[in-house]
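Please keep the sequence and the 3D view open while reading.

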Amino acid sequence: MMVSVAVVIVLFSIVQYFLVSLGMVSRLGFEINFSGFAGNRIAFAFQMVVCSALMLVYSSLRNVPDFKTAEANKIIPFLLFTLMHGVILNGLFFTASRAGLIAESLLMASVYILRLADRRFVISTIGVAGVFWFLIQLIPGLQAQGSFSGEESIVQHWDSIMRGIEVWLTSPIFGAGLGVFVERSVAWFGNPLVIHSVPVWFLAEFGILGAGTVLLMFILLVKFLLKSGLTSLGIRLVALLLLVFVTFGLVHDVFYQRIFWLLLGGGLAVGGIELHRSTQRRTL
């Protein structure tokens with residue numbers, strides 16, 4: 001359901017940009033990069049990569065139709081599935097999020113090397129995404145989409161991180177307190193701004209004690225994943241979600257993204273059930 005909604009949003013955005021180029025829709029408040037309904041292109045990029053992780057995990061199922069099957073009723077679903085992933089990859093590209101592109105590249109490389117996904121699916125979706133991107137470039141008004149942020153934005157990002165480190169040094173053990181940075185950021189930047197790094201945010205506002213507690217939970221979670229052997233689809237999803245979260249979290253504040261926590265809990269629940277059933281079969 002999440003993937004289907006994501007595909008619809010990307011296609012709707014493409015149509016919307018095309019209508020703007022024709023002058024049929026006002027440009028008032030219109031952003032050059034895709035942001036979907038997330039209100040922020042980084043958040044939308046994060047959502048696209050998460051949906052990509054879902055599709056990659058699903059592709060590892062044995063009953064997923066493949067190109068070796070001659071039956072039309074099996075070929076069509078696989079092609080449709082590939083096309084949907086191609087749409088999501090293009091939606092990610094048009095956000096022009098560097099973190100998103102890096103996260104997706106790491107995601108694709110990881111599942112391909114570790115065989116956590118169907119390798120044919122990985123290769124075919126890259127090809128489909130490339131063809132789809134080329135066709136989109138033929139649409140008037142869409143050639144300029146996917147412009148990366150300028151030097152000013154990058155400087156502001158790193159400035160927020162350095163300011164966050166300064167706040168942390170004022171109270172390294174317990175932190176300055178939740179919301180302190182946003183309140184002070186108005187004087188520093190002229191408007192409210194978050195720290196563009198999850199680890200630095202925790203250190204600044206919760207100190208070593210708070211950041212260490214969260215880090216310990218993630219270490220225990222990674223230990224559980226390694227112990228499970230990544231045999232369960234739910235556990236594989238959790239592993240890919242952590243990879244995406246860490247990649248984004250180093251340079252953006254994505255801790256509040258609900259799609260991550262929802263799927264993390266769902267993946268752990270499904271993975272726990274699958275591991276329990278596997279243990280029961282071995283004991284029987």
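## A buried asparagine

The side chain of N90 reaches the backbone oxygen of A129 at 3.1 Å. This is a predicted model, in which local features need pLDDT of at least 70 and side-chain atom pairs count only at pLDDT 80 or more, while totals for chains, interfaces and linings use all residues. Residues are numbered from 1 along each chain as its sequence is written, and side-chain values use heavy atoms, with hydrogens and water left out.

N90 lies in helix α3 (residues 72-93), helices being DSSP runs of H or I with at least four residues, numbered from the N terminus. With a relative accessible area of 2%, N90 is buried (buried means under 20%, exposed over 50% and partly exposed in between, with a 1.4 Å probe and protein chains only). Leaving aside residues up to four places away in sequence, N90 touches A129, F132, W133 and I136, where contact means heavy atoms within 4.5 Å.

## The largest nonpolar core

The largest nonpolar core has 70 residues, of which F46, L56, I88 and F248 touch the most other members; such a core is a set of buried Ala, Val, Leu, Ile, Met, Phe, Trp, Tyr and Cys residues joined through side-chain atoms within 4.5 Å. Helix α2 (residues 41-58) supplies the largest share of this core, twelve residues. Not counting residues up to four places away in sequence, F46 touches V244, F245, F248, V254, Q257, I259 and F260.

How values were computed: Helix = DSSP H or I, 4+ residues; strand = E, 2+ residues; numbered from the N terminus. Polar contact = N/O pair within 3.5 Å; in protein donor to acceptor, adjacent residues only side chain to side chain.
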